[in-house]
Amino acid sequence: MRQELLGWYDRNKRDLPWRHTSDPYSIWVSEIMLQQTRVAVVIERWKAFLERFPTVQDLAKAEEQDVLALWSGLGYYRRARMLHKAAQSVVAELDGKMPLKADELRKLPGIGSYTAAAIASIAHGEAVAVVDGNVERVLSRIRGWESHDSVGDAAVRRKVEEFATGLVDPRRAGDFNQAIMELGATVCTPRSPQCLTCPWAKECRTLGEHKTPKRAAMTSREIACALVVRDGDAGTEVLLEQRAVTNTVMPGLWELPAIAVNVMANLEERLTVRHAIMQVNYVVRVCALPSEGLREKPDGVRRWVVAEEASAMALTGLARKVLTRAGLIQTAGRNGPRLLIRVGSGN
Ligand code: SF4
């Protein structure tokens with residue numbers, strides 16, 4: 001099975017930038033970004049992050065707001081905060097040297113078994129198995145083990161971990177782990193496994209007939225926000241608000257002022273943006289209005305920001321999307337439609 005998988009990987013692997021390095025810090029950043037974010041989105045963001053923070057020391061001494069700004073659009077900001085914290089702990093407590101072994105890596109903030117195994121095997125060749133959702137799906141299908149709920153089943157998970165530990169190739173542990181994840185991402189996909197091209201078809205007991213647990217249903221929600229701009233001395237300015245640092249969701253990030261959907265009925269809608277977070281599809285109505293149309297914000301900071309400078313701030317993914325669509329900022333690698341919205345003369 002090792003030979004079949006590694007042979008297939010050597011012929012079919014995607015050319016991803018983090019596959020050209022054995023630097024544990026760069027691999028660590030890629031693994032954290034890839035959790036819950038698509039490969040296509042991560043590629044440019046990983047390059048930009050490493051350009052700005054090329055070493056663990058650079059990341060450790062950065063301001064948190066700068067780290068969050070570079071993370072903007074990737075979502076799940078806790079990952080960025082933990083990465084930053086862990087980099088500070090590597091510098092302060094380990095003399096700037098990342099641990100070599102998975103067991104040691106796991107002691108760092110935000111590094112669980114999966115990430116520790118991925119870094120240790122890819123950067124140092126340690127023969128530890130990674131088990132993520134892709135690996136669990138592939139190995140469960142091979143053995144015909146079924147989970148009974150959408151988040152998996154502890155008994156199946158244990159069997160998969162044992163199976164994966166026995167399978168990992170000690171001579172090419174990093175490649176083996178990447179190969180099995182690649183197989184899950186590109187061939188043994190959740191809804192339509194391509195069994196005819198699968199290197200493990202001979203070993204597979206289910207060949208595409210495995211029951212895949214249903215995904216939790218997405219719900220839809222309508223929200224509205226205000227795009228308030230004015231002409232400033234240094235160019236167009238936009239009004240942004242900072243979420244309270246005590247907020248459990250996206251603390252400290254900058255966003256557009258929210259407005260109640262019923263108030264919006266009396267305003268002119270200028271843009272509609274769709275934005276998915278977790279299991280919710282948001283339909284966001286964006287209204288342009290003058291700043292006196294907004295209520296006071298007693299519990300947070302509200303600030304006029306030169307639009308061109310806003311892209312370097314720690315914006316929420318939604319704020320970045322709206323400002324990009326409105327033509328007020330540019331986001332690298334994205335060429336969405338540009339639409340410049342102006343509201344009267346501003347104030
Ligand atoms: S044969 Fe099909 S179901 Fe089995 S592991 Fe390969 S792709 Fe998945």
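These questions and answers go through parts of a predicted model.

Residues are numbered from 1 along each chain as its sequence is written. In this predicted model, local features need pLDDT of at least 70, side-chain atom pairs count only at pLDDT 80 or more, and totals for chains, interfaces and linings use all residues.

Me: How many of the residues of H9 are buried?
Reply: Helices (H or I, at least four residues) and strands (E, at least two) are DSSP runs, numbered from the N terminus. A residue is buried if 20 or more other C-beta atoms lie within 10 Å of its own, exposed if 12 or fewer, and partly exposed in between, with C-beta atoms placed from the backbone. The buried residues of H9 include Val135, Leu139 and Ile142. H9 is mostly covered, and the number of its 11 residues that are buried is 8.

Me: Which helices do the buried residues of H9 pack against?
Reply: Two residues are in contact if their C-beta atoms, placed from the backbone, lie within 7 Å. The buried residues of H9 pack against helix H10 (154–167) and H11.

Me: At what angle do helix H9 and helix H11 pack?
Reply: Two packed helices are described by the angle between their axes and the distance between the axes. Axes are lines fitted to C-alpha atoms, for helices over the stretch in contact, and angles run from 0 to 180 degrees between N-to-C directions. Helix H9 (residues 133–143) and helix H11 (residues 173–186) have axes 8 Å apart, and their packing angle is about 80 degrees.

Me: Is H9 roughly parallel or roughly perpendicular to H11?
Reply: Angles under 35 degrees count as roughly parallel, over 145 as roughly antiparallel, 65 to 115 as roughly perpendicular and the rest as oblique. H9 and H11 pack at about 80 degrees. Therefore H9 is, relative to H11, roughly perpendicular.

Me: How many residues of the contact of H9 with H11 are nonpolar?
Reply: On the H9 side the contact is made by Asn134, Val135, Arg137 and Val138, and on the H11 side by Ile180, Met181, Leu183, Gly184 and Ala185. Ala, Val, Leu, Ile, Met, Phe, Trp, Tyr, Cys and Pro count as nonpolar, Asp, Glu, Lys and Arg as charged, and the others, Gly among them, as polar. The contact has 2 polar residues, 1 charged residue, and a nonpolar count of 6.

Me: How many bridges join strand S1 to strand S7?
Reply: Within this pair, Ala224 stands opposite Arg285 in S7. Strand S1 (residues 219–227) and strand S7 (residues 280–288) run parallel, and the number of bridges joining them is 9.

Me: What is the bridge partner of Arg230 in S3?
Reply: Strand S2 (residues 229–232) and strand S3 (residues 235–242) run antiparallel and are joined by 4 bridges. S2 and S3 form a hairpin with 2 residues between them. In S3, Arg230 has as its bridge partner Glu237.

Me: Is Gly327 buried or partly exposed?
Reply: Gly327 lies in the segment after helix H14 (317–325). Because 15 other C-beta atoms lie within 10 Å, Gly327 is partly exposed.

How values were computed:
Two strands pair if DSSP finds at least two bridges between them.
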